Amino acid sequence: MRITIKNLVSKRWYLDFFCLLLVIGLNPITQFFNSSSKQFPPDTLAYLTMGRDLFYKGQFYISCWSYADNGLILPPLYPFFIACGQLLFGDSLNVAEWVSCTCGIMASVPIYLYIKEMTNRVFALITVLLIQINYYYFIIGMLPLSESTFLLAISCMLLLTLKLFKDPGSADKKLPFFVGMSCGLVVLSRQIGLMAFIFLGIISLIKILISHEAEHRRVILKNLLFIILGWLVLLAPYTAIIYYQTGHHPFQQDFQEREIKVPVVDPEALSEMKQIESLPEENYAMIYAKRRLMRKLLPDSSEMFCRIDRKKREETGLLNRFFSIFKKPEAYTAMIFHNILNLRDPLGSVILYIFLVSCISPFLVKAEKIILFNRLLLPCFITLYLFAISGFTDTVSRYVYVIFPFVLMQIAGELFVFCRAISSAFGNRMWGVALLCTAYASFAFATPRYFNSLDLSPKLGPVEAFAKMKELVKGEPIFSLLPYPAFLSGGSFRVLPNDSLEKVVEYGHRTGVGWLLISWTKHTMSELHFYDRAEWYGSRSLEETYPHLVKLRCSTPDGGAMLYEIR
C-alpha cells in the first residue's frame with residue numbers, strides 16, 4: 001500500500017481517535033492543567049522575556065540579559081508559543097506553564113502512535129499510561145521550561161521517521177519533507193537538537209551502504225535530499241535572522257553584544273581569577289558555585305571576573321568542548337556513564353537493565369513483520385543523544401530525563417515481539433497475555449516515583465505585593481540575586497556582583513543600573529551562600545548604614561523584599 005499523509009490516519013481512525021481521547025483525558029497533566037508547581041527557574045524568566053520581545057521588537061535573542069553587555073540566544077520554539085499565549089492572556093508566568101502543559105499533553109499523541117506502529121493498540125495504550133503516571137513525565141509538563149516542547153518535537157520526528165523507514169520505496173514525497181521539517185523543529189526547541197539531523201543523516205547513509213539494490217539506494221538518497229530540504233526550510237531563515245541581528249550562529253548561546261576591553265593589571269585579582277577558574281567541574285553543583293565566585297568585581301569595580309576575556313571564551317567554547325572529547329576520553333566516558341545512570345531516577349535500576357537487554361534483543365529474537373532497522377531506531381537515537389549531551393552540555397540531569405519515554409517505548413516494542421514469540425512457541429495466546437500483564441505490573445511497581453509526588457497549588461494571580469515596585473522600576477535594570485524577584489518587581493534583571501556595597505553601587509553607575517532589590521526568600525538566601533563578599537545583604541537597614549549609597553523606596557507588606565534606589 002502506498003504510504004501517504006492521508007492514509008497515515010485513515011485506517012480505523014475512529015479506534016485511534018478513541019484511544020487518544022482516553023490517553024489525553026487520563027493524562028495527569030490534563031487533570032492538573034490549572035495547577036502550578038510554583039517553580040520558576042531562571043531559564044523560565046529568560047523564555048518569558050524572549051517571548052515578549054519576539055513579537056513586539058521582532059528580536060530573536062535577548063539583549064542585556066543578566067549583564068549590561070550580554071546577549072542570549074535561545075531556541076525560539078518555546079518562546080514563540082509563549083509569545084502567542086501572551087497575546088491572549090498577557091505577560092504572566094501562567095502563560096509559560098500553560099504552554100508546557102499543552103506540549104506535555106500533546107506529546108502523548110505521537111508517543112502512542114509510534115508504539116502502535118511497532119506493536120498494537122493495547123500495548124500502546126498501556127505503555128503511554130505507564131509513561132504518563134511517571135513523576136518525571138509529569139514534571140516535564142508542569143515546569144515552565146522547554147523540555148516539554150523538546151519532547152513533543154522529538155516524538156513527532158521519530159514517528160514520521162518510522163513511517164518513512166517502514167517502506168521508503170513507496171513513500172510519498174511529502175513525508176520525507178515533513179520528516180526534515182520535524183527535525184528542524186527539534187533544533188528550534190533545543191540547540192542540542194542538531195544531533196537529530198545528524199542522526200537521520202547517519203541512519204540514511206547506513207541504509208544506503210547496506211542496500212544491495214541500486215534502485216533502493218536511489219530512493220533512500222532522494223528521501224534524504226527531501227529531508228535536508230525540509231530541515232533547511234526552517235533552519236536557513238532562522239540562521240540568517242540570528243546572524244543578521246547578532247553576528248553569531250544560532251548555537252552560540254551567550255555572546256558579548258559590544259566588545260569592552262578591561263585591562264587587568266592587579267596581580268592579586270589575576271591570581272584569584274586563575275585560582276577560581278582552576279576549580280574542578282565534576283558536577284553541576286560545583287559549576288554553579290564556581291560561576292557565583294566569578295561574580296566578584298575587579299579592584300576598580302570596572303567589571304566582574306566572569307566578564308573578563310569573554311570574547312575569547314566565546315570563540316573557543318564549542319571547539320574546546322569538541323576537542324576535550326579526544327583530549328580526555330576518560331572524562332568523556334565517565335560523563336556518558338553518569339548520564340546513563342541519570343536514567344535510573346525516572347526508570348529505576350530494573351527497568352534500565354531491561355532496556356539494555358531490549359537494545360540487543362532485535363539481534364536475538366526475530367520478528368516476521370517488523371524490520372530489524374526499525375527495531376533499532378530508538379536505541380540508536382538514545383545512544384547518539386547521550387553521546388551528544390555528554391560532549392556539549394553541562395551535567396544537568398533534566399537533559400537526560402526527557403528521553404526516558406523513549407526507553408519505555410523501546411521496551412514495549414521488544415516485549416511485544418517476545419510475547420508473540422512465546423505465544424507462537426506454546427501455541428496459545430494466553431501465554432503472551434500472561435507475560436504482558438506480569439511485565440507491565442512489574443514496570444508499574446518498579447517505577448521509582450509517581451506524579452502525585454509533586455506538590456501543586458493554584459496558579460498565581462497578580463502579585464499585588466510588588467505592584468508599587470512595578471510603578472517605580474518601570475522595566476529599568478535592577479540588581480537582584482535571582483531573576484524571579486526582579487521579574488515580579490517589573491525590572492530588567494542584572495546579576496548582583498559578589499562584592500561590597502560600595503563597589504556594587506560604583507559598578508551600577510558604570511553599567512546604568514539604578515535599582516537594588518533585596519529579597520529574603522528561602523531560595524534567595526540559599527543563593528547568598530556563595531556570596532562571600534556580600535555580608536551587607538542580610539541587613540534590613542541599609543539606608544541607615546549606607547545613607548550615601550542607597551535610598552529605600554518601598555518594600556512588600558510582609559517585609560520579604562525591599563527596593564532601594566542607588567544614589
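Tutor: Let's start with a term: pLDDT is the predictor's confidence in each residue, from 0 to 100. This is a predicted model, in which local features need pLDDT of at least 70, side-chain atom pairs count only at pLDDT 80 or more, and totals for chains, interfaces and linings use all residues. Residues are numbered from 1 along each chain as its sequence is written, and side-chain values use heavy atoms, with hydrogens and water left out.

Student: What is the mean pLDDT of the protein chain?

Tutor: The mean is 84, and 90% of the residues reach 70 or more. By element, helix H7 (residues 135-142) has the highest confidence, at 94, while helix H14 (residues 310-327) has the lowest, at a mean of 57. Where pLDDT is low, the predicted coordinates should not be read in detail.

Student: How many helices and strands does the protein chain have?

Tutor: There are 26 helices and 9 strands. Both are DSSP runs numbered from the N terminus: helices are H or I with at least four residues, strands are E with at least two.

Student: Why is Ser-66 called buried?

Tutor: Buried means under 20% relative accessible area, exposed means over 50%, and partly exposed lies in between (1.4 Å probe, protein chains only). Ser-66 has a relative accessible area of 11%, so Ser-66 is buried. You will find Ser-66 in the loop between H3 and strand S2 (70-72). Ser-66 also has a positive phi of about 75 degrees, although it is not a glycine.

Student: And what makes Lys-38 partly exposed?

Tutor: Its relative accessible area is 34%, so Lys-38 counts as partly exposed. Lys-38 sits in the loop between strand S1 (35-36) and H3. Its phi is positive too, near 60 degrees, in a residue other than glycine.

Student: Why does Phe-89 count as exposed?

Tutor: Phe-89 has 53% relative accessibility, and therefore counts as exposed. Phe-89 is found in helix H4.

Student: Which residues make the nonpolar surface patch?

Tutor: Phe-55, Tyr-56, Phe-80, Leu-87, Leu-88 and Phe-89 make a patch of about 700 Å². Helix H3 (42-56) and helix H4 (77-89) each give two or more residues to the nonpolar patch, and H4 gives the most, with 4 residues.

Student: How much of the whole chain is buried?

Tutor: Buried residues make up 52% of the 567 residues.

Student: What share of the contacts join residues at least 24 apart?

Tutor: A contact means heavy atoms within 4.5 Å. Among contacts between residues at least 6 apart in sequence, 74% join residues at least 24 apart.

Note on methods:
Patch = residues over 30% accessible without salt bridge, like charges linked within 9 Å, V, L, I, M, F, W, Y side chains within 5 Å. Areas by Shrake-Rupley, 256 points an atom, 1.4 Å probe, with all protein chains shown as cover. Salt bridge = Lys/Arg side-chain N within 4 Å of Asp/Glu carboxyl O.
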